[in-house]
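Reader: I am new to this structure. Please take me through one part of it closely, starting with how the strands pair and moving on to the charged contacts.

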Protein chains: 2
Amino acid sequence: MSTASFFSKGLLDSGIGEVINPDTYFQTNLPPRTLPEDEKKVKEFVNKHNKAGRRIVLITSGGTTVPLENNTVRFLDNFSAGTRGATSAEYPFNSFLQFSLQPYSRHYTHSTNCFLDFIELKNDGHIEVISQYVPKMKSILEKYQKVKQEGALLLISFVTVADYLFLLRSVTQIMKDLNEHAMYYLAAAVSDFFIPSQKMVQHKIQSADGGLTLTMDQVPKFLKPLVTNWAPKGFIVSFKLETDPFLLVDKSRQALTKYGHQIVIGNLLTTRKQEVTFITKDSEPKMQLTEEEINNNIEIESKIVPELVKRHDEWIKNAQKENS
Amino acid sequence: MSTASFFSKGLLDSGIGEVINPDTYFQTNLPPRTLPEDEKKVKEFVNKHNKAGRRIVLITSGGTTVPLENNTVRFLDNFSAGTRGATSAEYPFNSFLQFSLQPYSRHYTHSTNCFLDFIELKNDGHIEVISQYVPKMKSILEKYQKVKQEGALLLISFVTVADYLFLLRSVTQIMKDLNEHAMYYLAAAVSDFFIPSQKMVQHKIQSADGGLTLTMDQVPKFLKPLVTNWAPKGFIVSFKLETDPFLLVDKSRQALTKYGHQIVIGNLLTTRKQEVTFITKDSEPKMQLTEEEINNNIEIESKIVPELVKRHDEWIKNAQKENS
């Protein structure tokens, strides 16, 4: 009964899969409508913190979607709740710009952890957090309010891979003048394949007639222009998620060599919350949580972030030596 | 520069798209691991409310995903935040089983509406909801606590289309004995296409070599066995989402005729929060919010639900007449 379904990639022999370059991508796809507004916010944010002598980290997180229709009902997505980026943003970077999932509130937005279970209506008409939940919520609230008061966090949202790429280009170019003081923490799970909008159908694909064949182009690799042109002096950290442990280090090192940036953090789908590998030009140390740390709900981002801040310090010192 | 990307469906001539029947689907795909647990919970829930003489509504909402790899990094998804189902569950159905997004807390989980902005730390160490937000939160909290105390809501979650279909079959078969007293409110956006697991690649698809061609089978239409065998006496409401206004009523009526159930609620992607069409055997009235209602944040579900409850009342009366 089963049909001739198959699954393949890289059918180069049939003319599919020619890789377009980033310039062509930007010429043939539409920017998000909110881009000018977002650029304005980012400029203000960058100017303010730059004047105050604070470093700025761009954190990207979450998955990007690939619409299959212009009036989009169906889309391709990447596994990503954006947890890596949102969690990392809660550890002491200096000040940061963030794409996607909101830090802080992530603690209370999962359906198994509904904040309505944590509050109660009092006789005097107030609504209070139930006392047993106060300590944890207090610590999150204090951090959140501090960041808010200092204006240290700017959230910019995206949905599609095109939204993401246009934003990424704009933001990194705005941050370019920060030179070595900027860090780029690229944890977003960017789609590798897409359907160019001029080849997309207008309306919802109907299902009445049988199966579906989709042929997608490859999304250009944007790390190349980012490292080379958009933010050439920045400290750039990318992430590589794999499912096959035998591929992880090789694929991560290939990316580092190809793009020439500073660090690739390799992680496996199944163990990403307990273990990562830092791939740099001359080393590849693993960072792991101990059994005890896991039991105490220590998050691996609490180790990743300070390590990166330290390496970024060295990056700045070296750049200043070279400049002097 | 652009490649030979194309987009087509229903390539029946190449042997793609043969439609398998539901039985074959269940024989060749794996149930979710949590199915036995979920079935147990559903049985307890149904027994309890049935004994108490309460009606039960099964609400399904949200999108289902279609994994592209066995170790899933990429998947196909449907546009759906599950808002229709979650919102509907807050209006007075009797007692209900719900698949997917949580009602009540939905009011505070959007990133533009972070509940951390609504609470404050007091000098005495309590955390309180800021007074201006109390009235709205009080009304939500009271409804939520009432439903919780009465055990009137059972939430069951799913991710993939296979999870959803196995759950749907189990739950409707458990509810079968409720006969005309059960309502099925099927608002989930179920994927129309999938890759059978035996044809799926094991690991993350690599992107180095160019584009991607995906060929997917059609997901069998499960409304047919649901209406005919799983819940033949139930009051069954399905949803039809389209983007093309000229197709909406025709497609909805086709579905009603094909499956033989009671109501198809047709809605358009762009206007779904303000307007729906009730397609029944002999009528197709529109239900719309007025300008004033929209300005007062009235939700269209506050009208859909009472209308369905009324029609379900009539359904029960008619069934009882026929039985007597």
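Author: P67(A) has F75(A) as its bridge partner in strand 4 of chain A. The model is predicted. Strand 3 of chain A and strand 4 (residues 74-78) of chain A pair over two bridges, in the antiparallel sense. They belong to an open sheet of four strands, ordered 3(A)-4(A)-4(B)-3(B). The pairing there is antiparallel. Strand 3 (66-67) of chain A and strand 3 (66-67) of chain B are the edge strands. Each pairs on one side only.

Now the charged contacts. E69(B) forms a salt bridge with R74(B), with the closest N and O atoms 3.3 Å apart. E69(B) and R74(B) are both buried. One network joins E69(A), R74(A), D192(B) and K221(B) through salt bridges that share partners.

Over all chains, the structure holds 32 salt bridges. One of them is between the side chains of D117(B) and K148(A), at 2.7 Å, N to O. D117(B) lies in the loop between strand 5 (95-99) and strand 6 (119-121) of chain B, and K148(A) in helix 4 (residues 134-149) of chain A, so this pair joins two chains. D117(B) is partly exposed, at a relative accessible area of 25%.

Another salt bridge links the side chains of E44(B) and K40(B), at 3.7 Å, N to O. These residues are four apart in helix 2 (residues 35-51) of chain B, so about one helical turn separates them. E44(B) is partly exposed at 48% relative accessibility. K40(B), at 55%, counts as exposed.

Note on methods
Residues are numbered from 1 along each chain as its sequence is written. Chains are lettered from A and ligands numbered from 1 in the order in which they are written. This is a predicted model: local features need pLDDT of at least 70, side-chain atom pairs count only at pLDDT 80 or more; totals for chains, interfaces and linings use all residues. Side-chain values use heavy atoms; hydrogens and water are left out. Two strands pair if DSSP finds at least two bridges between them. A salt bridge is a side-chain nitrogen of Lys or Arg within 4 Å of a carboxyl oxygen of Asp or Glu. Buried means under 20% relative accessible area, exposed over 50%, partly exposed in between (1.4 Å probe, protein chains only).
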